[in-house]
Structures are given as structure tokens and as C-alpha cells.
Amino acid sequence: MRLLGRSNSVNVKKVMWCAHELDISLERVDLGGPFGGVDSPEFRQRNPNGLIPVLEDGDLTIWESNAILRYLLATRGQGRLGSQDAASMARSDMWLDWVLSTLSFPFRELFQNKVRKTEEARDHEAMARGLVASGEKLAVVDAVLARQVWLSGEEFGIGDIPMGCYAYGWFNMDIERPELPHLQAWYERLTEREGYRTHVMLPLT
């Protein structure tokens, strides 16, 4: 299998980390951002949206990172990462969808301005708005983690992966963060995982 996308993309990180947890060998190809290539006709045939990542598994091509996660789990999971039954998978699915629908937009406003833009190019109003909104959303996660060890339940699962990728950015940006002790403890548990250290804990760019 091949994964098309640059290593510093949060959505590529999700897939590479998941593959590591499942002992799947993925050939990753740099694409997008400074590497370009997403506007080429060849790539647009793979993903008409022109976004990364894209997974190639033989003749099958899949885009959208959460769809790729679910595909890896369905085809190679063998009951791991919370795929052993419908209830476990549903608990994880809630968090896959929540991160995408609720957290990703305010976090992007914060991250793009704080990390990827120069001081002169920053939209400080959007950055401040993203910081406040991200903190409010993450307080929801903190409250859940006060009651359980992992977002996926009592064991680490695929539901922890997308949030884990965002959490790395949150805890490693130079920002004023609200105190979220349960989220902090969960993040520290993630840093003990080899796949997280290898594929997520990269310099923020």
C-alpha cells in the first residue's frame, strides 16, 4: 500500500500512526504543501478534491483520512483498536466524527496563523478566536477523560487517533492554554506509544 501525502499533515499523521499500531507497512510519498503535485491531472484522478492523504491499495484508491482509518481497521484490524464489536466501533466513530465536525475548524484558524504564517501575514483576530474556541471544545474532551482512561473506552483505540494528532499541536504551540489536566494526562500516555512518537511527534510546520 502507498499513502500519498507529506509527513507534517495532521491527516497523514493519523493514517501513519494507525498503520503503525496495526503493524501495516505503508510506503509514504511526499505530496502537497511544499512538495506540490496535488493539482496535477494524475493526482486529481485519484482525489478530485486535490487533498491529501490518498491511500492506494492495489487498484483501490481511498481519500478522506477517517475513511482510510476505517478501511485499515476493517481490512487489517483483526479485532484490534476497538474493532472487536459494533458497540466499541461506535464509541470510536463518535470521536472520529466529532474531531472533524467540531474541533478541526477552530483549531485550523489557530494553527495556520500561529505556526504556518509569518507575523505579518497572521490574522490575529482569527487566531484569537481559534484559541478560545479550541479551548472550549477541548474542555469537553477533558471532562470525558475525567471519567475514562481513553476516548475509545477502557482501552486505547482508533477513537483516540484523530484527537491525539490535534493534541500534539495543542500542547506544543507557544500559546496560553487553559488548564485541562485530564487531557494533559491522556496526552502524556500517548507520548509513551512508539507509533505516536514516530509519526505524530514531529516538528510543527
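Colleague: Which residues does proline 162 touch, not counting residues up to four places away in sequence?

Modeller: Proline 162 touches Lys14, Asn66, Leu69, Leu96 and Val99. Contact means heavy atoms within 4.5 Å. The model is predicted: local features need pLDDT of at least 70 and side-chain atom pairs count only at pLDDT 80 or more, while totals for chains, interfaces and linings use all residues. Residues are numbered from 1 along each chain as its sequence is written, and side-chain values use heavy atoms, with hydrogens and water left out.

Colleague: Why is proline 162 called buried?

Modeller: Its relative accessible area is 0%. Buried means under 20%, exposed over 50%, and partly exposed in between, with a 1.4 Å probe and protein chains only. So proline 162 is buried. Proline 162 lies in helix 6. Helices are DSSP runs of H or I with at least four residues, strands are runs of E with at least two, and both are numbered from the N terminus.

Colleague: What makes aspartate 123 partly exposed?

Modeller: Its relative accessible area is 39%. That value falls in the partly exposed class. Aspartate 123 sits in the loop between helix 4 and helix 5. Its C-alpha is 6.4 Å from that of asparagine 113, ten residues away in sequence.

Colleague: How many aromatic pairs does the structure hold?

Modeller: The structure holds eight.

Colleague: Why is the pair of tryptophan 17 and phenylalanine 156 called tilted?

Modeller: The ring centres are 5.7 Å apart and the planes meet at 40°. Rings of Phe, Tyr and Trp (its six-membered ring) pair if their centres lie within 6.5 Å; planes under 30 degrees apart are stacked, over 60 edge-to-face, and the rest tilted. So this pair is tilted.

Colleague: What makes this pair a tie between parts that are apart in sequence?

Modeller: Tryptophan 17 is in helix 1 (residues 10-21), and phenylalanine 156 is in the loop between helix 5 (124-145) and helix 6 (161-172), so the pair joins parts 139 residues apart. Both tryptophan 17 and phenylalanine 156 are buried.

Colleague: How do you know which class the pair of phenylalanine 171 and tyrosine 187 belongs to?

Modeller: The angle decides. The planes are 25° apart and the centres 4.8 Å apart, and the pair is stacked. Phenylalanine 171 is in helix 6 and tyrosine 187 in helix 7 (residues 181-190), 16 residues apart.

Colleague: Why does phenylalanine 171 count as buried, and why does tyrosine 187?

Modeller: Phenylalanine 171 has 15% relative accessibility, so it counts as buried. Tyrosine 187 has a relative accessible area of 9%, so it is buried as well.

Colleague: Which residues do ring pairs link into a cluster?

Modeller: Trp17, Trp150, Phe156, Phe171, Tyr187 and Tyr196.

Colleague: What makes you say that the charged end of arginine 193 sits over the ring of phenylalanine 156?

Modeller: The charged end is 3.8 Å from the ring centre. A charge sits over a ring if NZ of Lys or CZ of Arg is within 6 Å of the centre and within 35 degrees of the ring normal. Arginine 189 likewise has its charged end over the ring of tryptophan 150, at 5.3 Å from the centre.

Colleague: Which residues touch the most other members of the largest nonpolar core?

Modeller: Of its 59 residues, they are Leu72, Val141, Ile158, Met163, Trp170, Leu183 and Trp186. Helix 4 gives the largest share, nine residues. A nonpolar core is a set of buried Ala, Val, Leu, Ile, Met, Phe, Trp, Tyr and Cys residues joined through side-chain atoms within 4.5 Å.

Colleague: How do you know that the span of helix 3 agrees with its twelve residues?

Modeller: The expected span is 1.5 Å times one less than the number of residues. For helix 3 that gives 16 Å, and the end C-alpha atoms are 16 Å apart, so the two agree. Its buried residues include Ile68, Leu69 and Leu72. Among the elements covering the buried residues are strand 1, helix 1 and helix 6.

Colleague: What makes strand 3 and strand 4 a pair?

Modeller: Four bridges join them, in the antiparallel sense. Two strands pair if DSSP finds at least two bridges between them. Valine 54 has tryptophan 63 in strand 4 as its bridge partner. Two residues lie between the strands of this hairpin, and glycine 58 in the turn has a positive phi of about 65°. Strand 1 also runs antiparallel to strand 3, with three bridges. There, arginine 2 has glutamate 56 as its bridge partner.
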